[in-house]
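Biologist: Please show me the model and its sequence. I have a few questions about reading it.

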Amino acid sequence: MSTLQKVILILYFQLTCGDSFGDLVPIPSQKTNENILSVVTEDRCEIVKISTGQYEHVKRDLMQRDVLVKEELIQACPFYQQWPKLSLHKLVALIKWKQFPENYVLVKEGEISSFAGFIKSGYCYIFKDIEVLVKLPLGNMQSEVKHIIMGKIQEKESFGEISIILNKPFTCTIITATKVELGVISASDLRELDQVNQILLQQTAEPVLGSLTQEEVNNRYIALEKEKEWQQFKVNMRLRQWIESGALLEKR
């Protein structure tokens, strides 16, 4: 075996603009079996260097700011404005940020929510299913399920807590109307809360459309159908006026 040690560089992956490298913990020993990687510049590079101490300081500041934002979001929701600080902090520790695109189904009617959501930005529509009889062209009647908008869930409002804690299916469907950013607590994390805070949730939070009656849903559907008919009537009247005015011009 040669007395000269040869160093062979193997390319594992390539770093580009925007990537980072470096460990925040010291390597315990040179005798470790783990591979120790090196970073070698292939061309002239401009690199921003930050010490471990500075990075930890920045990271700590960002985490504190994140905790504050989460706490303010929860406390801004109507159900949590009177919650004690200790209980708020327990919810804050469970929250993760998540973004959803427009027209995304967050929870379906008849299902138990997979998470509790606190809306940071954007808003959602609340849909309710209703079975109605629709008249077909030949005069026959057919049963169809219609999805009607019953309301909105907006910024600084929450949903899903009661569905998870009481294991109750949602009585409506929630779909994002815009791009939405949520503070999310998973169902498993919420169920693992201590009994005191679970009872507090049951006493303060409310299910979405919890007190809505079937008669109110029917009345909402009728009102929407009447509005649709009125809008169509106005369109037909304008079209008729336009046709009649065109006919008068032709006679002249």
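Biologist: Is Cys 17 buried or exposed?

Modeller: First, this is a predicted model, where local features need pLDDT of at least 70, side-chain atom pairs count only at pLDDT 80 or more, and totals for chains, interfaces and linings use all residues. Residues are numbered from 1 along each chain as its sequence is written, and side-chain values use heavy atoms, with hydrogens and water left out. Buried means under 20% relative accessible area, exposed over 50%, and partly exposed in between, with a 1.4 Å probe and protein chains only. Cys 17 has a relative accessible area of 83%, so the residue is exposed.

Biologist: How many disulfides does the rule give?

Modeller: A disulfide is a covalent bond between the sulfur atoms of two cysteines. The rule asks for a pair of cysteine sulfur atoms within 2.5 Å. The count by this rule is zero.

Biologist: In what order do the four strands of the open sheet lie?

Modeller: Strands (E, at least two residues) and helices (H or I, at least four) are DSSP runs, numbered from the N terminus. Two strands pair if DSSP finds at least two bridges between them. Strand 1 (96-100) and strand 6 (158-159) each have a single partner strand, so they stand at the edges. The pairing is antiparallel, and the order is 1-8-3-6.

Biologist: Which residue in strand 8 is the bridge partner of Phe 115?

Modeller: Strand 3 (residues 115-121) pairs with strand 8 (residues 180-186) over six bridges, in the antiparallel sense. The strand 8 partner of Phe 115 is Ser 186.

Biologist: What kind of aromatic pair do Tyr 80 and Phe 118 form?

Modeller: Rings of Phe, Tyr and Trp (its six-membered ring) pair if their centres lie within 6.5 Å; planes under 30 degrees apart count as stacked, over 60 as edge-to-face and the rest as tilted. A search of the whole structure finds eight aromatic pairs. For Tyr 80 and Phe 118, the centres are 5.5 Å apart and the angle between the planes is 55°, making the pair tilted.

Biologist: Why is the pair of Phe 100 and Phe 115 classed as it is?

Modeller: Phe 100 is buried at 6% relative accessibility, and Phe 115 is buried at 9%. Their ring centres are 6.0 Å apart and their planes stand at 15°, so the pair is stacked.

Biologist: Which residue lies over the face of Trp 97?

Modeller: A charge sits over a ring if NZ of Lys or CZ of Arg is within 6 Å of the ring centre and within 35 degrees of the ring normal. At 4.6 Å from the ring centre of Trp 97, the residue is Lys 120.
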